[in-house]
Amino acid sequence: MAHILLVEDEPAIAETIVYALRADGHAVTHCLDGRTASEAAATAAFDLAILDVGLPDVSGFALCGELRRTAQLPVIFLTAQAGESERVLGFDLGADDYIAKPFSLRELVARVRVVLRRGAPGGAVVDGSRTGAFEHDVAGRRIRYHGQALDLTRYEYGLLSVLLGRPGAVLSRAQLMDRVWENAPDSGDRTVDTHVKTLRAKLRAADPGTDPLRTHRGIGYSLDVG
């Protein structure tokens with residue numbers, strides 16, 4: 001069972017979402033605005049946030065940024081405007097998925113399941129875990145791919161570790177910068193691209209013919225764990 005934070009200012013819509021999620025076995029905390037949601041997030045741990053973009057006191061985008069400063073929980077946006085520019089902005093700010101209104105409750109519940117399956121919040125990985133073709137020794141900061149130990153730099157390891165924590169999820173350059181280069185403020189978006197290139201080469205060297213790193217043009221990167 002997951003604990004989900006739902007921020008939706010239309011009571012009728014919120015009521016149906018809460019019912020559907022609870023029927024699927026989840027605990028749900030519903031807030032009508034961003035201020036109340038921030039207070040809830042400060043006092044409770046959540047596994048996923050579902051945010052309406054058009055909130056009465058703050059945009060869902062701004063709320064997402066605020067929540068992600070204290071917890072790297074997955075985020076699904078609910079929006080009446082699902083244009084490309086808004087989707088890209090949302091992904092840059094940390095969105096894991098977008099659902100345009102009006103939507104099917106069955107689809108919403110299905111997408112919640114998918115996002116929750118992608119991994120624990122913040123990309124946490126337990127010591128000695130295996131994820132598909134990858135073996136991750138967190139304590140030793142070592143990663144194997146198809147049985148081959150990878151000789152990784154500090155930032156290559158950080159990049160791969162974050163992607164491993166959310167297998168299949170598309171993470172924007174901004175998300176990767178925040179999580180891997182948080183102590184290097186002078187780094188830019190091209191830093192991510194450069195390290196993806198060198199990391200991709202090392203993965204191919206370990207298992208020629210494979211390319212688990214996926215580039216999503218205009219959005220970011222994801223990892224196919226195989």
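**The open sheet and its surroundings**

Reply: In this predicted model, strand 4 (residues 75–79) and strand 5 run parallel and are joined by four bridges. One of the residues involved is I76, whose bridge partner in strand 5 is D97.

These two strands belong to an open sheet of five strands, placed in the order 2-1-3-4-5, with parallel pairing. Strand 2 (27–31) and strand 5 (97–100) are the edge strands, since each of them pairs on one side only. From one strand to the next, the twist averages 20°. As a general point, the strands of a sheet pair through backbone hydrogen bonds, and the pairing may be parallel or antiparallel.

Next come the helices that lie across the sheet. Helix 2 (residues 34–43) lies across strand 1 (3–7) and strand 2, and its direction makes an angle of about 160° with strand 1. Helix 3 (residues 60–68) lies across strand 1, strand 3 (48–52), strand 4 and strand 5. The angle between helix 3 and strand 3 is about 155°.

S38 is found in helix 2. Its relative accessibility is 17%, and because buried means under 20%, S38 counts as buried. Leaving aside its neighbours within four places in sequence, S38 is in contact with L63 and E66. S38 and C64 are 26 residues apart in sequence, and their C-alpha atoms are 9.8 Å apart in space.

Another helix pair can be described by its packing. In general, two packed helices are described by the angle between their axes and the distance between the axes. Helix 1 (residues 11–23) packs with helix 5 (residues 105–117) at an angle of about 55°, and their axes are 10 Å apart. Helix 1 and helix 5 are therefore oblique to each other. Their crossing is right-handed. On the helix 1 side, T16, I17, A20 and L21 take part, and they meet L105, L108, V109 and V112 of helix 5. By class, this contact of helix 1 with helix 5 has seven nonpolar residues, one polar residue and no charged residues.

Strand 7 and strand 8 (residues 142–145) pair in the antiparallel sense over four bridges. Across this pair, D137 has R142 as its bridge partner in strand 8, and E135 stands opposite R144. Strand 7 (residues 134–137) has a covered face with F134 and H136, while E135 and D137 are on its uncovered face. In strand 8, I143 and Y145 form the covered face, and R142 and R144 the uncovered one.

Strand 8 is also joined to strand 9 (residues 148–149) by two bridges, and these two strands run antiparallel. There, Y145 stands opposite Q148 of strand 9. The hairpin of strand 8 and strand 9 has two residues between the strands, and H146 takes a positive phi near 50° in it.

To place these parts in the whole, the protein chain has eight helices and 12 strands. Buried residues make up 46% of its 226 residues. Among the contacts in the protein chain with a separation of 6 or more, 59% are between residues 24 or more positions apart.

Notes. Residues numbered from 1 in each chain as written. Predicted model: local features only at pLDDT ≥ 70, side-chain atom pairs only at ≥ 80, totals over all residues. Heavy atoms only, no water. Pairing = 2+ DSSP bridges. Axes fitted to C-alpha atoms, helices over the stretch in contact; angles between N-to-C directions. Contact = heavy atoms within 4.5 Å. Parallel < 35°, antiparallel > 145°, perpendicular 65-115°, else oblique. Left-handed = near helix turned anticlockwise from the far one by under 90°. Nonpolar A, V, L, I, M, F, W, Y, C, P; charged D, E, K, R; others polar. Buried < 20%, exposed > 50% of the residue type's maximum accessible area, 1.4 Å probe, protein only.
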